[in-house]
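Dear colleague,

Please find below the structure that I am handing over to you, followed by an account of what was found in it. I would be grateful if you could read the two side by side.

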Amino acid sequence: MATDPTRARPAFRVLPRVDAANAHFWTGGAEGELRFLRCRACRHWIHPPAPICPACLSRDVAPEAASGRARVVTFTINHQPWIPGFPPPYAIAIVELPEQPGLRLTTNLVGVALEAIRIGMPVRVVFEERDGVWLPLFEPDPEAA
Ligand SMILES: [Zn+2]
């Protein structure tokens, strides 16, 4: 819909610094995958990336794709023009993935009217590529109740 500001691709985004420790996360979108490190010993998901599993202290951790589904834990609508080229209003949210309690991301919600956003709303990942970085954003999940 033409009046939905969240559908517009902003002219600019602040990009993360990609390194060996987090490349799986920022480039997984190239294959459509939302990837996190996961412990191969106890199966704990690890985010932000760390070389040691915080649950069992194993160093046997490797990237693995999550489902890409999540629910909105909390959100705020930003009305301030903090970032040149990234005009407000836009929604900043924390979403939690069903894979593990506490496995959360701070993200932007897109493809939804700002007034329709609710806590608990089911969402799914959608990637926005910039300069080799695939930013994981979230949109309403049409397949969830
Ligand atoms: Zn572990």
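In what follows, donors are N, O and S atoms within 2.8 Å of the metal (3.2 Å for Na, K and Ca), and sites may look incomplete because water is not among the atoms. This is a predicted model, in which local features need pLDDT of at least 70 and side-chain atom pairs count only at pLDDT 80 or more, while totals for chains, interfaces and linings use all residues. Residues are numbered from 1 along each chain as its sequence is written, and side-chain values use heavy atoms, with hydrogens and water left out.

The zinc site

Four SG atoms, those of Cys-39, Cys-42, Cys-53 and Cys-56, coordinate the zinc ion at 2.3 Å. The site is tetrahedral, with angles of 104 to 113° among the 4 donor atoms; four donors count as tetrahedral if all angles lie between 85 and 135 degrees. For comparison, the ideal angle for four tetrahedral donors is 109.5 degrees. Along the sequence, the donor residues follow the spacing C-x2-C-x10-C-x2-C. Cys-39 belongs to strand β1 (residues 34–39) and Cys-53 to the loop between β2 (45–46) and β3 (61–66), so this pair ties together parts that are 14 residues apart in sequence. Strands (E, at least two residues) and helices (H or I, at least four) are DSSP runs, numbered from the N terminus. Cys-39 counts as buried because its relative accessibility is 0%; buried means under 20% relative accessible area, exposed over 50% and partly exposed in between (1.4 Å probe, protein chains only). Cys-53, at 0% relative accessibility, also counts as buried.

The sheet and the cores

An open sheet of 3 strands has the order β2-β1-β3 with antiparallel pairing, where two strands pair if DSSP finds at least two bridges between them. Its edge strands, β2 and β3, each pair on one side only. Between β1 and β3 there are 6 bridges, and Phe-36 has Glu-64 in β3 as its bridge partner.

Phe-36 is also among the residues with the most contacts inside the largest nonpolar core, together with Val-95, Leu-109 and Phe-138. That core has 26 residues; a nonpolar core is a set of buried Ala, Val, Leu, Ile, Met, Phe, Trp, Tyr and Cys residues joined through side-chain atoms within 4.5 Å. The largest share of this core, 4 residues, is supplied by β8. Apart from it lies another core, of 5 residues, including Leu-37 and the zinc ligand Cys-39.

A buried arginine

Which residues does the side chain of Arg-13 meet in a polar contact? It joins the side chain of Asn-108 at 2.8 Å and that of Glu-128, also at 2.8 Å. A polar contact is a pair of N or O atoms within 3.5 Å; within protein, one must be able to donate a hydrogen and the other to accept it, and residues adjacent in sequence count only if both atoms are side-chain atoms. Arg-13 lies in the segment before α1 and counts as buried because its relative accessibility is 8%.

With kind regards

How values were computed:
Four donors count as tetrahedral if all angles lie between 85 and 135 degrees; four count as square planar and six as octahedral if opposite donors are over 155 degrees apart and all others between 65 and 115; anything else is irregular.
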